[in-house]
Amino acid sequence: MSFLPYAVAVWICLVGLYGVVTSRHLVHTIICLSVVQSSTYVLLLAVGYRKDSVAPVFIDIPRDTPAVDPVVQALTLTDVVVGGAVTALLLAIAVQIEKHLDTLDPDELDPLRD
Amino acid sequence: MNSILFATDLAELAPLTVAGPFLLAAVLAARLPVPFQRRHAELVAAAGALLVAVLCLLLLRETLDSDAPVVSQIGGWQPRGDGVVVGINFALDSLGATLALLAALLVGTSLVFAWRSFDAVGPTFHALILVFLGALTGFALTGDLFNMFVFFELMSVSAYALTAYRIERPESLQGALTFAITNSVGAVMILFGIALLYGRTGALNLAQVGEALAQQSSDELVVVSFALITAGFLVKAAIVPFHFWLADAYAVAPTPAAIVFTGVMSDLGIYAVARIYLTVFQAPLAPHVEGLRAVLVAFAVLTALVGAVMALGQDHLKRLLAFVTISQIGLALIGIGLLTPAGGAGATLLIPADGLLRAGLFVCLGAVLHRCGSVYQSRLHGRGRVLPRVFPILFVAGTLGLAALPPLGAFPGKAIIEEAAAEVGYGWTAAVFLLATALTAAALLRAGARVFLGWGPVAVARTDPREPPTEDSELTGSRGRVPTPMFVSAAVLIVAGLLVTAVPGAVDDAQRSAHLFADRNVYAAAVLGRPVPAPDPIHFVHIGDTAVVLGVVTVLATLVLSAILLERIRLPFRLPRSVMRAAEASFTRLRRQHSGQIGDYVAWATVGFALLGALFAAAT
Amino acid sequence: METAPARRPGELSFEARRRLFLVGAVGLAALLLSGLSGLPDYRDVTPLYGQVINGVAVEERSTTAVVTAVNFDYRGFDTLGEEFILFAAALVLVLLLRRLGEERRGRLDRLPRHRHTTSAAVRLTCVALVGPTVLLAIYITMHGHLTPGGGFQGGVIAATALLLVYLGSDYATMRRLRPMALVETAKAAGAGSFVLIGVAGLIVAGSFLENFLPLGTPGELVSAGTIPLLSLAVGIEVAGAFVLLLSEFLDQLLVIRRKRGGGA
């Protein structure tokens with residue numbers, strides 16, 4: 001069990017990638033990408049977790065209480081915002097693509113085929 | 001005339017190379033009550049680029065004079081006595097400062113290109129390119145792993161945005177989409193690698209992580225995190241098989257953005273690999289350096305050749321130049337992948353020269369697009385004659401610079417990489433350089449001769465009902481003439497690209513910089529506030545006569561090859577039909593993999609991650 | 001059932017693409033798992049950096065919520081970058097979703113007003129929640145250095161108030177509550193003030209983003225120097241950016257119609 005969160009992160013990452021690869025709808029593709037990104041949240045938080053520790057907020061507890069890692073939480077917060085911004089941007093692109101090409105199936109888009 | 005105050009504070013001003021453009025971007029994006037016109041936006045953006053350029057120039061001078069990286073502690077957090085770094089810092093060395101300066105110059109030129117004429121909607125374009133500039137400099141200068149990731153993402157997001165800028169064109173949207181999805185997947189790999197390193201060392205500062213890893217020998221975790229971080233950055237650098245997105249994105253990005261993409265953004269991907277290997281992984285992986293070198297050079301060679309072959313097969317001129325970019329980044333990765341200071345010095349010389357020249361060629365294509373309404377060679381046959389004579393001249397000069405005509409342009413960098421490669425038994429890469437350079441340069445020359453002179457057979461235009469017969473120019477105003485800013489930016493970029501490495505002393509300076517860049521002990525001591533040890537003595541590599549001969553041969557090969565392609569020279573013999581057919585079939589197969597499909601690209605990237613990891617594991 | 005899309009000769013078929021990916025995925029899984037097996041048991045240790053910060057943050061920064069101290073002080077520079085990621089995304093969204101020539105704005109008076117598809121109870125609840133939501137957002141933003149929270153969380157909560165207005169009334173009402181010029185300016189002002197506070201640190205204390213204000217006593221509202229100010233700047237920016245994101249997408253859905261009559 002000591003490995004479980006790490007394995008979960010790997011699973012989320014790969015399952016999301018599978019979704020991106022096989023997706024037949026752009027909105028689905030974009031959500032799958034968010035799934036891939038969220039694997040890193042699990043990983044980062046697992047790296048900073050410690051059993052029998054509290055959240056790193058020392059307002060009503062002694063300052064030497066063992067607490068989990070605050071740094072990974074800050075990194076995750078940053079990561080979440082990054083992921084959200086990318087998702088919003090991609091969804092906006094998808095809206096435009098639908099307007100221009102009347103489809104959201106990534107396999108039917110082909111202005112770039114070589 | 002360094003006053004004491006100025007001299008001590010210069011390093012602390014370094015974060016302004018990021019904060020300055022950001023602040024100006026915020027000013028542009030605010031809907032101020034004063035009537036804010038286009039020319040104001042242009043002036044504000046130009047002021048931002050100028051500010052960054054001046055700061056970078058000052059920092060570059062400072063770093064060239066210094067025997068150790070110049071450290072700027074952001075937030076005032078000095079490293080603690082126990083060697084723990086709690087803040088984020090900038091560790092400036094001349095390589096980082098050069099790349100930041102290059103970014104500022106390219107953004108400046110792109111603003112000149114866009115001056116008064118680029119079809120910009122409000123101040124959005126200018127705000128975006130300022131954010132992009134801040135991200136590029138931050139990425140080049142930071143000394144913190146996670147901060148590098150943040151700037152990597154910021155650089156990417158603003159680049160996706162700039163790619164999608166011409167939203168009325170579906171191909172722009174699709175290019176931005178493949179760009180964004182592939183690069184986001186790459187970023188996830190980087191973050192996995194960072195999380196592994198953090199879990200092992202409990203640090204994010206490059207120097208501190210490197211110190212912690214130096215205490216131990218390499219194991220799976222170290223190798224895997226190196227593989228993941230490298231793979232992630234190689235997605236940005238568009239190394240085969242992660243390269244598919246680049247051709248799609250650069251071909252559709254508006255010219256002012258493409259200038260910066262091709263000139264510096266791709267190169268930052270391989271710069272990051274070098275930076276992280278040297279500061280973090282150098283000590284634990286030193287025993288395995290030969291295996292790692294073999295893997296990196298193999299990826300680099302594959303990229304150089306695939307890019308070159310694909311470039312030769314392109315009808316769309318911007319796409320052609322995108323594949324030239326891929327091929328040349330591959331060549332620069334040979335220099336970095338050698339994992340020796342001399343190889344790094346070669347890449348240091350190659351990157352700015354190639355970047356400026358490619359950017360200049362993009363501007364020339366912008367001019368063609370503006371005047372002739374197309375970027376397809378087959379449609380442009382001879383129609384480029386309407387452009388002022390100076391454009392064909394610039395185009396050919398730029399191409400010859402890329403073909404490494406001694407002593408200009410790419411030549412010094414290429415020569416140093418070849419010498420460095422020979423020192424570690426990779427002398428055969430000179431053949432790769434010759435082949436890839438001749439193929440890409442011939443592809444460019446053929447395109448130039450077709451478009452500007454009407455040489456060669458008249459190709460049948462691709463008949464595609466969806467394609468408009470003429471493309472809209474990116475510029476407003478009359479199509480009857482080429483605007484002066486366009487001419488100025490092309491000339492500046494190409495002349496600068498030809499001369500930047502030919503200035504006296506550049507070769508030695510680059511080697512000094514690369515040695516300092518590679519010296520992990522000096523870096524760690526400077527960042528962690530310990531006394532800086534004396535640097536290792538530099539072993540200088542010199543450009544020999546062979547290199548000059550090879551350079552001349554490359555240029556001749558380019559000329560002959562383009563003459564054959566243009567049917568100016570007839571081969572005295574004919575290749576057997578079967579050979580021709582087999583070659584054509586495999587080329588088509590290669591070409592069809594560039595399908596524009598996100599699913600294909602991500603599948604290839606996944607295979608690439610696994611392959612790189614497996615090879616690294618086998619090599620260590 | 002789905003049909004496989006048309007492929008040109010030489011391109012990967014859908015099935016081949018999937019097989020290619022699965023081969024890569026097995027390799028990638030092995031790679032990731034073998035790397036992760038080098039980490040200690042996730043329950044055992046706090047990484048060094050985190051330990052050190054937990055030990056010193058309250059004292060050094062008068063901040064009882066250590067994550068906030070990391071976000072806005074120790075690693076404030078990361079937050080600057082992250083701010084501008086959001087800033088750039090919002091900028092582009094306005095650009096991407098701007099009305100093209102072929103589109104026209106639906107006339108506001110033709111918009112569905114109170115079609116009463118939502119029940120009175122829902123509408124009443126939503127409207128009643130708007131005030132408390134805004135209040136909560138302000139509280140979360142301003143107490144970020146004391147308790148969990150901060151500018152991001154507060155900003156997002158503030159933006160949801162707009163969504164409540166939409167759910168509880170109708171689009172036209174929501175539009176009136178959302179002066180776009182002001183929202184965009186707020187977003188830019190938030191982002192800009194973050195930089196300006198950083199520059200003030202450079203001028204006053206000598207380093208960019210240095211915390212140059214008196215730190216006060218841990219646990220008090222006015223403490224922690226520049227941290228609450230930076231948090232507020234982020235809160236304003238995030239609120240502006242999210243209002244912009246939500247309303248641009250809603251605009252797409254409800255107002256902008258295509259000429260060919262596709263409707264919303």
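The legends below describe close-up views of a predicted model. Residues are numbered from 1 along each chain as its sequence is written, chains are lettered from A and ligands numbered from 1 in the order in which they are written. Local features need pLDDT of at least 70 and side-chain atom pairs count only at pLDDT 80 or more, while totals for chains, interfaces and linings use all residues.

**View 1. The side of chain C that touches chain B.** Here 61 residues of chain C are in contact with 64 residues of chain B (C-beta atoms, placed from the backbone, within 7 Å). Helices H1 (14-36), H2 (48-61), H3 (66-74), H4 (76-96) and H8 (180-205) of chain C each supply at least two residues to this side; helices are DSSP runs of H or I, at least four residues, and strands are runs of E, at least two, numbered from the N terminus. H4(C) gives the most, 14 residues.

**View 2. Confidence along chain C.** Mean pLDDT (the predictor's confidence in each residue, from 0 to 100) is 83 for chain C, and 86% of its residues reach 70 or more. Over residues 258-264 of chain C pLDDT stays under 50. Where pLDDT is low, the predicted coordinates should not be read in detail.

**View 3. Chain A and its helices.** Chain A has three helices and zero strands. Its C-alpha trace spans about 60 × 30 × 20 Å along the principal axes. Of its 114 residues, 54% count as buried (20 or more other C-beta atoms within 10 Å of the residue's own, with C-beta atoms placed from the backbone).

Key: Contact = placed C-beta atoms within 7 Å. Buried ≥ 20, exposed ≤ 12 C-beta atoms within 10 Å, placed from the backbone.
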